[in-house]
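This briefing goes through the salt bridges, the overall dimensions and the domain arrangement of the structure shown below.

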Amino acid sequence: MPSTPNTDYTWKPVSRTRWERPTDEAEQFYTSLAKAHEGTGRTFFAMTGFIALSLPIAAESSRPEIETRMEDALRKAWLQLRYAHPTIASRVEYSRLEGRCKKVYETFSSSCMQEDWLDRTFCVVDEGVTGIEWCNCDPPVPELPTLFLIKTPYRDEGRIRADVVLRAHHDIIDGVGTLMLFDNLLGHAARAYEEQSAYELPRFGGEWVNLSPSLRVAASIPAQMMPAQEERMREVLEFNAGLRRGVEVASVPFKQDSALPGRHQRVAITLAAETTKRLLETCRAARLSITHAYHTAVALCVRDAQDRRPTERMVRYVNYSLINERSRCAEPYSTPAHPAAVYHSVSGRGLAVDLVVPASSDSADVAADSTRRHEFKETAGTIRDFYLGIRDDAEHINLVPAYWAMSTLSYPADGKTPPVPPRNETPSVSISSMGVLDSMIQHRHGDFEVDDPWVTGEELGTGLGLFLGTWKGRLTLSAAYNEAFHEQKEVLEFLQKCNGQTIRGLGVEQQD
């Protein structure tokens with residue numbers, strides 16, 4: 001559903017309480033992908049955001065009193081977020097009459113509507129499970145972004161603990177935006193917790209001025225490409241079409257007995273602080289980012305997952321990168337004032353790395369450390385150049401809409417649920433770098449202490465989606481996968497191998 005040069009992406013009132021605008025290409029990609037897989041009963045790439053919270057129990061207070069006070073503060077903060085970032089209460093609708101999708105925001109016309117929205121989108125879960133257990137048990141993806149307060153079964157003397165989970169469609173918010181939103185939420189919650197009944201709630205009616213624009217508007221992307229840009233797009237399409245031609249594409253094995261996806265799952269491994277420190281120092285010395293190093297490890301581990309044959313052969317790891325584009329947006333869209341938005345891009349040209357699969361007669365573990373490090377260095381150089389090429393490309397942001405459009409599935413003209421697309425028989429492994437999470441979420445907001453923030457997109461495919469980030473000086477590598485196609489043990493082993501490849505490839509001594 002490509003846009004036309006005269007598409008107006010600004011929010012416009014269509015009634016006294018309703019605003020609309022067309023989805024842009026980035027948003028439409030996620031809308032169409034979710035629609036294509038609607039028949040599974042699940043939502044492809046639905047966002048899950050997670051934070052663990054704790055509060056001290058004062059000597060004069062009881063545990064039930066603090067639990068109630070925490071819940072009340074978070075509920076008020078969620079309402080405050082709706083006012084400050086109203087896009088978090090928007091949704092995408094399809095108009096058969098117009099033949100396109102659009103974002104819709106509706107303000108409150110009465111106090112009853114306000115309470116109804118709060119009751120629908122702020123949910124308390126008290127089922128004796130932790131947040132991660134709940135996230136791995138097929139939680140719902142409501143029509144509107146929804147905050148879940150998970151009362152964990154853990155009892156810590158002197159503290160109240162709870163997990164907070166955001167579930168939202170990816171055409172409303174992305175990963176970095178989710179982390180920003182959490183930090184804003186906790187800022188409001190800390191004030192509401194401290195002030196209690198004196199905390200002033202917002203008065204709705206003018207909040208629509210805070211609606212977040214599309215990436216096209218936020219980054220001032222021209223409506224129409226120049227002839228040179230159109231030529232470049234043709235070159236990108238030709239290059240990508242040739243990536244899989246005449247070569248064996250490396251893919252990860254998966255269970256073949258399921259045609260449709262099951263539950264999305266997340267697992268993670270966190271390294272020791274000292275190991276993380278040494279990895280970062282070694283990367284800097286080698287002129288690599290930690291993302292370059294780990295994407296290198298992913299490519300090598302996918303290569304190692306290939307079957308061995310009598311003679312060695314070349315295979316190709318093919319993938320892409322995701323780029324946070326907030327730095328290319330104008331203020332205030334580049335700031336946490338607009339977290340509920342899809343402000344990222346995907347690389348246009350695919351990433352291709354050719355690697356050798358040894359013969360079956362070769363031992364998988366006999367290669368000398370120097371040989372391993374040389375292969376790691378060579379591969380990392382290719383991947384670094386790929387990332388830097390995007391970073392230093394002044395034209396990249398202007399081509400982003402076209403990059404999204406070339407990967408977007410067709411949205412059914414009748415708006416009905418289409419047949420589920422066939423599964424991908426040659427899945428790969430992607431990696432998304434969330435960076436230093438401490439730069440987006442404070443460790444403490446008033447009495448609230450924060451720990452273990454993470455985000456993931458719901459995986460319905462046969463591949464693996466890896467996420468990389470550091471928090472409090474420790475690096476975490478996590479994976480999103482679907483249990484219909486992969487086992488937890490297998491995915492954890494893949495993460496361990498990625499850590500091992502990175503540590504050995506950089507010559508870092510691991511700490512327990």
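## Salt bridges, overall form and domain contact

In this predicted model, the structure holds 41 salt bridges. One of them joins the side chains of E143 and R91, with a nitrogen-to-oxygen distance of 3.6 Å. Because E143 lies in the loop between α4 and β7 (146-150) whereas R91 belongs to strand β4 (residues 91-95), this pair ties together parts that are 52 residues apart in sequence.

**Overall form**

- The secondary structure of the protein comprises 12 helices and 18 strands.
- Along the principal axes, the C-alpha atoms of the protein fill a box of roughly 75 × 60 × 45 Å.
- The radius of gyration of the protein is 24 Å, which agrees with the value near 24 Å that a compact globule of 512 residues would have.

**Domain arrangement**

- The protein is divided into two parts, with domain 1 covering residues 14-197 and domain 2 covering residues 248-506.
- The centres of domain 1 and domain 2, taken over C-alpha atoms, are separated by 26 Å.

**Extent of the contact between the domains**

- On the side of domain 1, 66 residues are in contact with domain 2, and 57 residues of domain 2 take part in turn.
- Between them, domain 1 and domain 2 bury about 5,400 Å², and carbon and sulfur atoms account for 65% of this area.

**Polar and charged links between the domains**

- The count of salt bridges between domain 1 and domain 2 is 3.
- A salt bridge also connects the side chains of E449 and R159, where the nitrogen-to-oxygen distance is 3.6 Å.

**The face of domain 1 that touches domain 2**

- The elements that give two or more residues to this side of domain 1 are the helices α1 (25-36), α2 (63-84), α4 (131-135) and α5 (175-195), together with the strands β3 (47-56) and β8 (159-168).
- Among these contributors, α5 gives the most to the side of domain 1 that touches domain 2, with 15 residues.
- By residue class, the side of domain 1 that touches domain 2 divides into 35 nonpolar, 19 polar and 12 charged residues.

Technical notes:
Residues are numbered from 1 along each chain as its sequence is written. This is a predicted model: local features need pLDDT of at least 70, side-chain atom pairs count only at pLDDT 80 or more; totals for chains, interfaces and linings use all residues. Side-chain values use heavy atoms; hydrogens and water are left out. Domain bounds come from an automatic or database domain assignment. Contact means heavy atoms within 4.5 Å. Buried area is the accessible area (1.4 Å probe) that two parts lose on being put together, summed over both. A salt bridge is a side-chain nitrogen of Lys or Arg within 4 Å of a carboxyl oxygen of Asp or Glu. Helices (H or I, at least four residues) and strands (E, at least two) are DSSP runs, numbered from the N terminus. Ala, Val, Leu, Ile, Met, Phe, Trp, Tyr, Cys and Pro count as nonpolar, Asp, Glu, Lys and Arg as charged, and the others, Gly among them, as polar. The radius of gyration is taken over C-alpha atoms; the globule rule is 2.2 Å times the number of residues to the power 0.38.
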